[in-house]
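Here are my notes on the model you sent. Please read them with the structure open.

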Amino acid sequence: MIEQNLSIADKLAERLVNRRQSGLLRQLRTADHLTDFCSNDYLGFARSAALKAHIQEAESLNTGTQNGATGSRLLAGQTALADHVEQELAQFYQTESSLIFNSGYDANLGLLACLPQAGDTLITDELIHASMIDGARLSYAHRLRFRHNDLYDLQSKLQQATGDGQSGQVFVAVESIYSMDGDQAPLAELVDLCERYGAALLVDEAHATGVYGPNGEGLVAALGLTDQVLARVHTFGKALGVHGAVVVGPAVLRDYLINFARPFIYTTALPPHSLLAIRCAHQHVSILGEGRQQLHNRISYFRQQAASLLPETNWTASQSPIQCLIVPGNEQARQVAEEAQRAGFDVRAILSPTVPSGQERLRICIHLFNSFDEIDWLIAVLQTALTHTVRL
């Protein structure tokens with residue numbers, strides 16, 4: 001059949017068939033009966049009965065009458081509640097101001113698309129999240145990438161961007177904890193480099209929020225670097241267990257985003273329920289205290305057991321809740337994940353091209369609610385599954 005004679009529905013179906021044949025077809029499925037080693041609910045807030053009760057109480061005490069925001073915040077959607085929650089978030093994240101976005105994707109898209117302008121240079125780590133990549137693509141700035149966490153390569157890009165005849169502003173965008181490898185950015189060294197070359201640093205703290213810092217403020221705050229980072233993106237759908245995101249930084253940044261960030265300007269604002277949930281989640285995380293240490297104890301235990309019982313395997317160098325077992329080959333990674341699922345564990349394979357070919361992996365997330373026995377059992381299952389895969 002000639003391609004141009006196909007209907008649009010046939011063309012879409014053909015592309016899906018090609019994806020299925022290549023083993024890359026994505027499908028929605030639930031895993032309610034499996035032990036969770038997959039989700040980003042690191043602190044268990046998404047399943048917390050106490051947090052749910054707190055949100056319900058806050059709703060009962062809320063004097064507002066609206067169920068929805070009714071419009072964007074620049075039109076009908078602005079409320080006193082939104083202002084109050086943003087003031088609380090600015091205080092929590094140790095900064096001058098904050099601006100709430102509907103999701104982390106929206107926040108990264110808006111920030112990176114509107115902040116660097118034509119004539120500027122945006123330098124990004126090669127492993128930044130898809131939302132940051134998409135924001136960078138929408139920017140009119142000149143774009144450069146540096147090798148993951150490679151300070152020498154970044155310095156060469158900074159020298160290129162600030163050399164003779166270069167007058168635009170330079171921005172550097174990274175994640176504090178990377179979502180696919182779980183490793184940390186060298187934030188202190190990044191700050192030093194950016195200050196040396198007059199670059200502004202932007203940090204996505206999605207996977208550090210709630211997990212690092214005295215009260216869960218993230219890795220930038222934990223390292224005492226809040227004043228040296230222009231903008232941080234904190235998301236609420238991972239460790240905080242609710243929804244939405246915030247960009248924090250100086251007051252001028254907030255005013256700028258209100259005027260130029262299209263994902264903020266042209267979308268209906270979050271409803272009152274979401275704002276109250278964000279407030280309650282931050283109140284809970286600020287008093288978690290020992291729970292954060294218990295999470296890190298489980299991470300350390302998992303890594304020790306994995307190194308002891310799976311000595312020949314390749315794990316990414318992560319001290320975060322995200323632990324990745326490299327199983328090269330899409331089919332091999334999928335088979336190991338499926339064997340773990342049959343044993344009762346929700347573990348998912350991450351396949352190429354989402355990750356580079358040869359870097360296919362199992363992305364295993366450690367949670368505060370995972371018991372040490374469950375960790376032991378999972379590692380034993382992985383031992384068996386890897387042995388079966390090697391024989392294939």
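Predicted model: local features only at pLDDT ≥ 70, side-chain atom pairs only at ≥ 80, totals over all residues.

1. Start with Val191. Val191 sits in helix 7, residues 187-197. Its relative accessible area is 2%. Buried means under 20%, so Val191 counts as buried.

2. What does Val191 touch, leaving aside neighbours within four places in sequence? The contacts are Leu201, Leu225, Gln228 and Val229. Take Leu201 from that set. Leu201 and Val191 are 10 residues apart along the chain, and their C-alpha atoms are separated by 7.1 Å.

3. Next, Thr209. Thr209 belongs to the loop between strand 6 (200-204) and helix 8 (219-222). Is Thr209 buried or exposed? Thr209 is buried, at a relative accessible area of 1%.

4. The side chain of Thr209 has a polar atom 2.7 Å from the backbone oxygen of Glu205. Beyond four places in sequence, Thr209 is in contact with Tyr93, Gly216, Gly218, His234, Thr235, Ala239 and Leu240.

5. Now the second largest pocket. The space in the second largest pocket is about 300 Å³. Its lining has 23 residues, and Gly77, Thr79, Leu270, Pro272 and Leu275 are the closest to the centre.

6. How do the lining residues of the second largest pocket divide into nonpolar, polar and charged? There are 12 nonpolar residues, 10 polar and one charged.

Technical notes:
Residues numbered from 1 in each chain as written. Heavy atoms only, no water. Helix = DSSP H or I, 4+ residues; strand = E, 2+ residues; numbered from the N terminus. Buried < 20%, exposed > 50% of the residue type's maximum accessible area, 1.4 Å probe, protein only. Contact = heavy atoms within 4.5 Å. 1 Å grid on protein atoms, 1.4 Å probe; cavity = no way out; pocket = protein on both sides within 12 Å on 5 of 7 lines; lining within 4 Å. Points joined across faces, edges and corners; volume = space filled by probe spheres on them. Nonpolar A, V, L, I, M, F, W, Y, C, P; charged D, E, K, R; others polar. Polar contact = N/O pair within 3.5 Å; in protein donor to acceptor, adjacent residues only side chain to side chain.
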